[in-house]
Every structure is written in C-alpha cells, then in structure tokens.
Amino acid sequence: MIVGYARTSTIEQIAGFESQLLALKKAGCEKIYQEQVSSVGNRVQLDAAMEFVREHDTLVVTKLDRLARSMKDLMDIIQELDRKKVGLRILDLGIDTQTPTGKLMLTILGGIAQFEREVMLERQREGVNKAKSEGKYTGRKPIDDKRKALILELDKQGLTRSKIAKSVGVGQATVYRVLASNKKY
C-alpha cells in the first residue's frame, strides 16, 4: 500500500497543504495522514502513519522537511521504516529508499540540510550578539504599570486568564508572567 503524509506548520500554509495533498494523490497514495503542527510539536498523524505501514508498503512525503526535523530524526524514521521493511519516497527529490542509491542520496541530502540549518542558527546567534553589543537588541519591552495593575485587578474579580488578556490587550503569557511575578497563581 502507498501511504502519504502531509504536514504544515501553520494555518496560513493552507495552499501548501492543498498542494501536498494533490501531489500525494497523484503519486498514488491510497491512504493519507495529514496534520497541521510545528515540526517540533507532537506529530500524532506521523506516529499513526508509522504505526499503520506494513511490510512492502511505501510512505510518501512531498518534501524532506515535511517529514523530519533533524538529521537524527530522519535517521530514526528511516531506521524504523527499514525495520518494518517499508520504503520511503520523497517526491520533490525523486528519492526512493527501496533502492541502494536512494538510501545513499537521502543520507547525503539529510546531512546537508542539517548542516545548512546549523549554519543558519549560528549566523542568527551572531547577528543577535552583534545587535546586542550595538545596543539595538534590547529584548521585549516590559508592560507599563497601569496594565499590570489592571491585570491584577481583573484577576481579583475572578476573570479567566484569556478574558484578562483580551480586556487588557496583551497575550495570555503576559498575564501569567504578571500574576507569577506577584505570586497570584
């Protein structure tokens, strides 16, 4: 059986989601698992697809980054698929792990993708450090005392955290931070 897996990180990626589903159907997927979750989140549908596939099945994804979050994650997925004697096809790369060449290419490309990510993160850290040293990066601005007082007052009135956040015009995390700093929850 040919089994597909599609994932997007955000609701805004609907068009990308639809194109993934179309490509998976075109690739002959008889069953498609789909979810909208960050790659660092719990990927319930990927787990379900991995549990579902059986010997001689093929798991199909449109892109490598839709499947794995790191080189280690990719290798773990491939190892689990190999253990179950299930192939992996990545459509945009034309890779099929049911061939020795496909396995080699996937390992090489996965390593390159991991390297690119690490270099990008290193550059990002350098940029943040440079901005900090130049006084351009000061972090999050604290909320003003009036808003803090309003948050505390609304909490005393028994409003929920989400209602407080909406009333004050801040995120729920800010409400929790203010309450925590005042040891209120």
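## Sheet, helix packing and selected residues

Lys85 is exposed, with a relative accessible area of 54%. Here exposed denotes over 50% relative accessible area, buried under 20%, and partly exposed the range in between, for a 1.4 Å probe and protein chains only. The structure is a predicted model, in which local features need pLDDT of at least 70 and side-chain atom pairs count only at pLDDT 80 or more, while totals for chains, interfaces and linings use all residues. Residues are numbered from 1 along each chain as its sequence is written, and side-chain values use heavy atoms, with hydrogens and water left out.

### Loop residues with positive phi

Lys85 is placed in the loop between H3 and strand E4 (87-90). Helices (H or I, at least four residues) and strands (E, at least two) are DSSP runs, numbered from the N terminus. The phi angle of Lys85 is near 60°, a positive value in a residue other than glycine. His56 also belongs to a loop, the one between H2 and E3. Phi of His56 is near 80°, again positive in a non-glycine residue, and His56 is exposed at 63% relative accessible area.

| Residue | Relative accessible area | Class |
|---|---|---|
| Lys85 | 54% | exposed |
| His56 | 63% | exposed |
| Asp73 | 14% | buried |
| Leu74 | 2% | buried |

### The sheet

An open sheet of 5 strands has the order E2-E1-E3-E4-E5, with mixed pairing. E2 and strand E5 (95-96) are the edge strands; each has a single partner strand, so one side of each lacks a neighbour in the sheet. Two strands are taken to pair if DSSP finds at least two bridges between them. Strands of a sheet pair through backbone hydrogen bonds, either parallel or antiparallel.

Strand E1 (residues 2-8) has 6 of its 7 residues buried, so E1 is largely enclosed by the rest of the structure. E1 is joined to strand E2 (residues 31-36) by 6 bridges, and these two strands run parallel. Within this pairing, Arg7 has Glu35 of E2 as its bridge partner. E1 also pairs with strand E3 (residues 58-61) in the parallel sense, over 3 bridges. On the E3 side, Thr58 is the bridge partner of Ile2, and Leu59 is that of Val3.

Helix H2 (residues 44-52) lies across E1, E2 and E3 and runs at about 160° to E2. Axes are lines fitted to C-alpha atoms, for helices over the stretch in contact, and angles run from 0 to 180 degrees between N-to-C directions.

### Helix packing

Two packed helices are described by the angle between their axes and the distance between the axes. H3 packs with helix H4 (residues 100-133) at an angle of about 160°, and their axes are 9 Å apart. H3 and H4 are therefore roughly antiparallel to each other. Angles over 145 degrees count as roughly antiparallel, under 35 as roughly parallel, 65 to 115 as roughly perpendicular, and the rest as oblique. The contact is formed by Met71, Leu74, Met75, Ile78 and Asp82 of H3 with Lys103, Leu106, Thr107, Gly110, Gly111 and Gln114 of H4. Contact means heavy atoms within 4.5 Å. By class, this contact of H3 with H4 comprises 5 nonpolar, 4 polar and 2 charged residues. Ala, Val, Leu, Ile, Met, Phe, Trp, Tyr, Cys and Pro count as nonpolar, Asp, Glu, Lys and Arg as charged, and the others, Gly among them, as polar.

Helix H6 (residues 161-168) and helix H7 (residues 172-181) pack at about 105°, with an axis separation of 8 Å. H6 is thus roughly perpendicular to H7. Arg161, Ser162, Ile164 and Ala165 of H6 meet Gln172, Val175, Tyr176 and Leu179 of H7. The contact of H6 with H7 has 5 nonpolar, 2 polar and 1 charged residues.

Asp73 lies in helix H3 (residues 71-83) and counts as buried at 14% relative accessibility. The side chains of Asp73 and Arg43 are joined by a polar contact of 2.9 Å. A polar contact is a pair of N or O atoms within 3.5 Å; within protein, one must be able to donate a hydrogen and the other to accept it, and residues adjacent in sequence count only if both atoms are side-chain atoms. Not counting residues up to four places away in sequence, Asp73 touches Arg43, Leu67 and Ala68.

Leu74, also found in helix H3, is buried with a relative accessible area of 2%. Under that sequence exclusion of up to four places, Leu74 touches Leu64, Leu67, Ala68, Leu106 and Gly110. The C-alpha atoms of Leu74 and Ile112 are separated by 12 Å, the two residues being 38 residues apart along the chain.
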